[in-house]
Structure formats: C-alpha cells, structure tokens
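Q: Can you walk me through how to read a few features of this model?
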Amino acid sequence: MFYIGIDLGTSAVKLVMMQGDGTIVRIVSKEYPLYFPHPGWSEQEPEDWWKAVQEGLQELLQGQDAQQVAGISFGGQMHGLVALDAEDHVIRPAILWNDGRTAEETDFLNTVVGKATLSKYTANIAFAGFTAPKILWMRRNEPENFNRIAKIMLPKDYIAYKLTGVHCTDYSDASGMLLLDVEHKKWSKEMLDLCGIREEQMPHLFESYETVGMVKEDVAASLGLSSHVRVAAGAGDNAAAAVGTGTVGDGGCNISLGTSGTIFISSKEFRVDSNNALHAFDHADGHYHLMGCMLSAASCNKWWMDDIIGTKDYQAEQAAIGELGQNHVYFLPYLMGERSPHNDPKARGTFTGISMDTTRADMTQAVLEGVAFALRDSFEVARSLGIKIERTKICGGGAKSPLWRKIMANVLGIPVDVPACEEGPGYGGAILAAVACGEYQSVEEACGKLIRVVSTQEPEPELVARYEGRYQTFRKIYPALKELFPQME
C-alpha cells in the first residue's frame, strides 16, 4: 500500500509517497505565492494551498496505481490563522507564522494578562507568531470579519477539511495557538474567553495518528483514489519532522540546522520550565515535547559567506579552519533577534574577542560555534528539567557540513546521528498515515522500523572539555550586552 505525506510549507507544498516499508516512491513540490500587503505582514490565500495540493496529488499519482493509496496525512506550517464563515468560505487571507503585526496584542498577553497566567492556561507564553494574538488583532482591527467567524483553523487543517469535510486539528499543531491546555489536551476555556471566541468555533481535536475521516467521494473520484482512503490529523511541521527522523518516545532529540534552528526533545512526561524559555507542546507520538527555536542558524553562515566575505565556496572556507576548541573569537547569532531561550526581539549579532591576529578562518569558525553554543542554551534548559538526552539526530542544510556536525557533537557532548531520509515533515506525515491505517501499531513502532542512521559523529573527550570552558564564557556575553541592544536601534 501507499501512504502520502503532505508537507504544507510557507513557500511550497511537498508531497511524499511512501510504501509501507518506508521506501519513498516519489516526491512532488508545488509553489504558491506569499503576500506582504504591509511592511511586516505575511499572508497567503488558503485556496492557493488547495489548488497546489490538488495539482501535486495528480502529479504524484501519475503512472501509479492510485487504488493502492491507503492513507494521507500532513506536516504543516504552524500558527497561521485560517478563518471560515458559516458556509465554510475563507473570510480573509491567512495570517502566517512569520507575520509581525501583533506586537501590541503579544505585549498585552504577556504583560497585562501575564506570562505566569498564560503558562498556567497553556504551558506557554505569547509570541507574535502565535495564533491567539492574531485573533485579538482581527477582533480589534477587523470587527466585521471577526464577527463572521464560524471556524478557526490552522493551515494544514484547511487541507484536511477540503479532503474530508471535517473541521479538525491535532494536539501538536494546536499547541502553538496559545489556546490549548497542552498538559490536559483540551481547549483552554480561559484563553477562548479572553479572545472572545467559543469552543464550537474551534476544530475537533485528534492525536496526530488518528483518522479524522475518509477522502470525500468527489475528491477521490477526481484523483482516481478509492473511497476508503483514510486521512489522519497530521502534525505541526516540527513534530512531523521529528517523526520523520525518529525523534519519539522519552529523551529523543533532533537538531535542525535550517534557516532557523530548532532543538526538539521528546518526552513521555509533561514538563515546562519556569521561565518558559522552551515551547512546551504536545507531540505527534501521543506524548509531549519541548522545543527551542533560534531565529538564525544556517542563515548566519549564509550571511557571513555570501554577504560579508563574498564567497559561495563554503567547503573551502571551512577547510581553512584549524584546531577546534581554541578559538578566541565568539559570535552571538542573533541576527534577527532571538526566540529561545531569551525571547528578545532586540538582541543582535556580535563578534567578540577580535584582535590583530584574528584570521578570516577564526571568524568563520566563530559563526559555526556560535550557533552550536546558542542551541546548547536550549539543551541546558531541557536538562535542568531532568530530561536525559544521550544522543541527537541532526538534519537541515547546515547538517551537511561534517565540520559543523563535529562542532555540535563536542559542544553538546553527545553523539550526533545523521538519518538516511531527510524529507522531514512530508515523510513524518506519511508515517502518521501508515499508523492511522494500521500498518504499524504506534508511531514509536513505525519509527523504530523505518528510520535508519547512516553516520554518527562521536564526541571526543578532550574536545568536549575544551568546548565546555568556551561555552561557559559564551553564555556570559548576552547578559552583559542585553541592556545595550535596545540602544542600538
């Protein structure tokens, strides 16, 4: 049988067709527009997503026996506000995760309602990208549209609705709305009241691997699918990607070195740190996870290489780097402010410790190390909660660098594994579909059988010790500069 994972990203949808044994049959991508109607705003038309998904499914199924498709599920961009009216028509363009219009609403939630209260209701504090601030913005700035809302959904859930006719979401994606009681897996009445919305306006909640419905007959007929194709709820992109790398169960860890960087830690117990430095969300395996998100990761290296020293030969620049753990230059990777663990939009990037004998290679090395040190900040928060992390997977564009993997292994002091498949949320979505169809009994079983590691970078005790000292210096730099950053605007 075939299982399809739909990764609804910000710039494109990627569709992955997988056999039951985990073999990828075909991958198709379809782009769609991103709109910026005002500075700092970011929107998309949900109908563009649906059109791209339909075209992508048709191409994916071309030359294949569509009757062999048993299930479909999702990974999707999180936090976006999709508002439907009583006839299930989209009221306005979706407000996306990277939209910055909600500064006032976010400040109101964190300072007036209060971070402690938000954490009590939802296990998290407010960020501008989250859904609840967007709802408050719409209530204040577009009252006519707000009063028409019959259903509030997230981006991937709109596709699930178009496939099945069911208004649904999953716990992992709902965790990023600031409307879910994450620990007890139910909508927070207090947060709904605060936003002026009712529970009947919210989608039904499912585990990521649960079936929400079957593909509608007209949709199935148009694609040549059988009338028995199950649609599973799916997961937010990071949780789906974690499934795709096998980061499930207790103490699983995955580091993503993409444009932004994440450290994703799975846990069978609910945990939240006292400062809400990490997101505390539900996981697609039915349990929980903590996630630290840094806004600039591989993009720091791209900025340094492309814009500052003017080269595309990343490999040659890294080859010039000498012995590790002895560099006297430090780099703060906060080029776009920072989320975890500082939650400081005014933080900025800095080089510290430059002297007359500093070389170009020293600064390149500092960039790679700075990202690793910043990810360790989130790693330490998780460890302070008693979570034992013995090794980590790594993925994303930056993970293709053997040197960066070596730095990461020795900064964290644990082995770093490279998984065979790097299709992330799409592959995770396909695995969730297979679980929903009974191919596997659980997400953990599926990951145990399907996820393969192709290489491992082991830490070296002497280098771990050297990096420990350097990390302890690094962690003092941001607090020393924190009060200066707002004065640099």
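Q: Which classes of residue make up the lining of the second largest pocket?
A: Rolling a probe the size of a water molecule over the atoms shows where empty space is left. In this predicted model, the lining of the second largest pocket has 5 nonpolar, 6 polar and 2 charged residues.

Q: What is the volume of that second largest pocket, and which residues are the closest to its centre?
A: The volume is about 250 Å³. Of the 13 lining residues, D273, N275, N276, A277 and P341 are the closest to the centre.

Q: Turn to strand β18. Are its faces covered or open?
A: In a regular strand the side chains alternate between the two faces of the sheet. Strand β18 spans residues 279-282, and both its faces are covered. H279 and F281 are buried on one side. A280 and D282 are buried on the other.

Q: How do strands β18 and β19 run, and how many bridges join them?
A: Strands of a sheet pair through backbone hydrogen bonds, either parallel or antiparallel. Here β18 and β19 (residues 288-294) run antiparallel, joined by 4 bridges. F281 stands opposite H289, and D282 stands opposite Y288. The hairpin has 5 residues between the strands, and G286 takes a positive phi near 100°.

Q: What is the strand order in the open sheet of 7 strands?
A: Read it as β18-β19-β17-β16-β22-β23-β24, with mixed pairing. The edge strands are β18 and β24 (453-457), and each pairs on one side only. Neighbouring strands are turned by 25° against each other on average, direction ignored.

Q: Which strands does helix α12 touch as it packs on the sheet?
A: Helix α12, residues 360-384, touches β16 (253-257), β17 (261-267) and β19. The direction of α12 makes about 25° with that of β17.

Q: Why is helix α13 described as largely enclosed by the rest of the structure?
A: Start with the geometry. An α-helix has 3.6 residues a turn, so residues three or four places apart point the same way. Now count burial: 9 of the 11 residues of α13 (residues 402-412) are buried, so this helix is largely enclosed by the rest of the structure. Among the buried residues are W404, R405, M408 and N410.

Q: What happens to the backbone just after α13?
A: G413 takes a positive phi of about 75° there.

Terms used. Residues numbered from 1 in each chain as written. Predicted model: local features only at pLDDT ≥ 70, side-chain atom pairs only at ≥ 80, totals over all residues. Heavy atoms only, no water. 1 Å grid on protein atoms, 1.4 Å probe; cavity = no way out; pocket = protein on both sides within 12 Å on 5 of 7 lines; lining within 4 Å. Points joined across faces, edges and corners; volume = space filled by probe spheres on them. Nonpolar A, V, L, I, M, F, W, Y, C, P; charged D, E, K, R; others polar. Buried < 20%, exposed > 50% of the residue type's maximum accessible area, 1.4 Å probe, protein only. Helix = DSSP H or I, 4+ residues; strand = E, 2+ residues; numbered from the N terminus. Pairing = 2+ DSSP bridges. Axes fitted to C-alpha atoms, helices over the stretch in contact; angles between N-to-C directions. Contact = heavy atoms within 4.5 Å.
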